[in-house]
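Subject: Structure handover

Hi,

Here is the structure for you to look over. Please open it alongside this note.

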Amino acid sequence: MPSKLPCVDLCIFLLTVLKSMLGTAQSHQHLQNSDFRHEFGHASVKLTFKGFKVETGLSSREGFSSCRRKFGVVQASASHTSVVQPVSYPPNNSTDELRKKSSEAALILIRHGVEEAIEAGKRISNIPVDMIYTSALIRAQMTAMLAMTQHRRKKVPIILHSESEQAREWSQIFSEDTKKQSIPVVTAWQLNERMYGELQGLNKQETADRFGKEKVHEWRRSYDIPPPNGESLEMCAERAVAYFKDHIEPQLLSGKNVMIAAHGNSLRSIIMYLDKLTSQEVINLELSTGIPMLYIFKGGKFIRRGSPAGPTEAGVYAYTRRLALYRQKLDEMLH
């Protein structure tokens with residue numbers, strides 16, 4: 001295990017399912033503009049490779065339906081592989097079956113808190129983390145990075161850059177050891193804090209003087225009333241939950257353990273979805289900074305486990321047999 005990894009800002013990771021499909025190919029060229037079909041009982045999945053962009057389709061006795069949502073896109077050349085986009089699944093009835101059959105995965109939520117990030121990291125030091133999602137704001141990214149310095153697995157979080165072709169090209173990793181010892185970090189503006197519009201930059205007294213205490217209280221504590229040129233909690237929830245469903249939940253469905261470092265309102269919105277809270281309940285929900293919350297995703301359901309108390313409390317990590325075995329494996333590796 002290398003003691004220090006190169007300072008690069010991209011982790012290249014391969015989708016296991018695509019790798020197994022491509023394993024029989026004699027060369028990259030043979031796959032271009034070709035098809036792959038696999039049978040599943042009465043249905044089959046067809047993958048069409050066009051310059052290494054993968055289109056998927058699901059067919060059955062009732063006919064063929066096109067899967068428009070991304071399954072995965074791999075862009076490659078003869079010498080290296082570039083960014084692999086996150087997995088997602090087709091928006092049809094088969095999604096319910098996938099949820100029921102999905103393997104267990106851990107979901108960790110952390111509200112940004114730079115000073116508390118080290119302690120937060122200690123609390124999750126025995127919980128597996130395969131992918132990290134943060135907002136586009138530095139304070140959330142710093143929280144994630146600092147927390148992971150305490151993880152016993154000692155993998156290095158590396159931010160994925162996909163903002164341009166040049167960014168992707170300049171951020172490639174060519175070391176297999178580096179890939180194995182890194183965790184991809186995805187930043188998304190959809191996980192940003194609620195945008196307060198004309199209230200931004202004002203302290204509480206300035207806000208009250210300008211708009212009146214009653215109006216400010218209404219904006220802050222209501223679900224669907226936005227401040228001038230800003231967002232309501234409802235508007236924040238629309239973008240945050242949509243991103244969670246489209247990008248993060250598919251990773252959990254595939255068995256990936258995910259950590260999200262974000263903000264009070266974006267995390268409240270996600271928790272509203274996970275715990276099926278009402279708009280009134282989410283308004284009254286308060287989240288402490290730097291205190292991780294753990295959910296277990298299994299059988300298509302999110303099970304809330306609260307906050308791990310610390311790395312020395314064995315019972316915290318025995319919520320499931322899988323987490324207990326993971327900690328046992330860490331103990332064996334590090335002793």
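Below is what turned up, from the overall build to single contacts.

Overall build. This is a predicted model. The protein has 13 helices and 13 strands. Of its 335 residues, 46% are buried. Take the contacts between residues at least 6 apart in sequence: 68% of them join residues at least 24 apart. The accessible surface is about 17700 Å², and carbon and sulfur atoms account for 51% of it.

Cores. The largest nonpolar core holds 27 residues. Leu107, Leu109, Tyr133, Phe244, Leu252 and Ile260 touch the most other members. At least two residues each come from strands S7, S8, S11 and S12 and from helices H10 and H11. H10 gives the most, with five residues. What does Ile260 touch, leaving out residues up to four places away in sequence? Its partners include Leu107, Leu109, Tyr133, Leu191, Phe244 and Ile270. A second, separate core has 19 residues, among them Val129, Met148, Ile183 and Ile296.

Salt bridges. The count is eight.

- Arg168 and Glu165: the closest N and O atoms are 2.8 Å apart. Both sit in helix H6, three residues apart, so about one helical turn separates them. Arg168 is buried at 16% relative accessible area, while Glu165 is partly exposed at 47%.
- Glu286 and Arg221: the N to O distance is 3.5 Å. This pair links distant parts of the chain, 65 residues apart. Glu286 is in the loop between helix H12 and S12, and Arg221 is in helix H9. Glu286 counts as exposed at 58% relative accessibility; Arg221 is partly exposed at 32%.
- Arg304 and Asp275: the N to O distance is 2.9 Å. Arg304 lies in strand S13 and Asp275 in helix H11, so the bridge ties together parts 29 residues apart in sequence. Arg304 is partly exposed at 42% relative accessibility, and so is Asp275 at 22%.

A polar contact. The side chains of Thr178 and Ser175 are joined at 3.1 Å. Thr178 is in helix H7. Is Thr178 buried or exposed? Its relative accessibility is 4%, so Thr178 counts as buried.

Surface. Val114, Ile138 and Met142 make a nonpolar patch of about 250 Å². Val114 lies in the loop between strand S7 and helix H4. Val114 is partly exposed, at 34% relative accessibility. Patch residues need over 30% relative accessible area, so Val114 passes that cut-off.

Best wishes

Notes:
Residues are numbered from 1 along each chain as its sequence is written. This is a predicted model: local features need pLDDT of at least 70, side-chain atom pairs count only at pLDDT 80 or more; totals for chains, interfaces and linings use all residues. Side-chain values use heavy atoms; hydrogens and water are left out. Patches are made of residues with over 30% relative accessible area and no salt bridge: like charges are joined within 9 Å, nonpolar side chains (Val, Leu, Ile, Met, Phe, Trp, Tyr) within 5 Å. Accessible areas come from the Shrake-Rupley method with a 1.4 Å probe; for residues, only the protein chains shown count as cover. A salt bridge is a side-chain nitrogen of Lys or Arg within 4 Å of a carboxyl oxygen of Asp or Glu. Helices (H or I, at least four residues) and strands (E, at least two) are DSSP runs, numbered from the N terminus. Buried means under 20% relative accessible area, exposed over 50%, partly exposed in between (1.4 Å probe, protein chains only). A nonpolar core is a set of buried Ala, Val, Leu, Ile, Met, Phe, Trp, Tyr and Cys residues joined through side-chain atoms within 4.5 Å. Contact means heavy atoms within 4.5 Å. A polar contact is a pair of N or O atoms within 3.5 Å; within protein, one must be able to donate a hydrogen and the other to accept it, and residues adjacent in sequence count only if both atoms are side-chain atoms.
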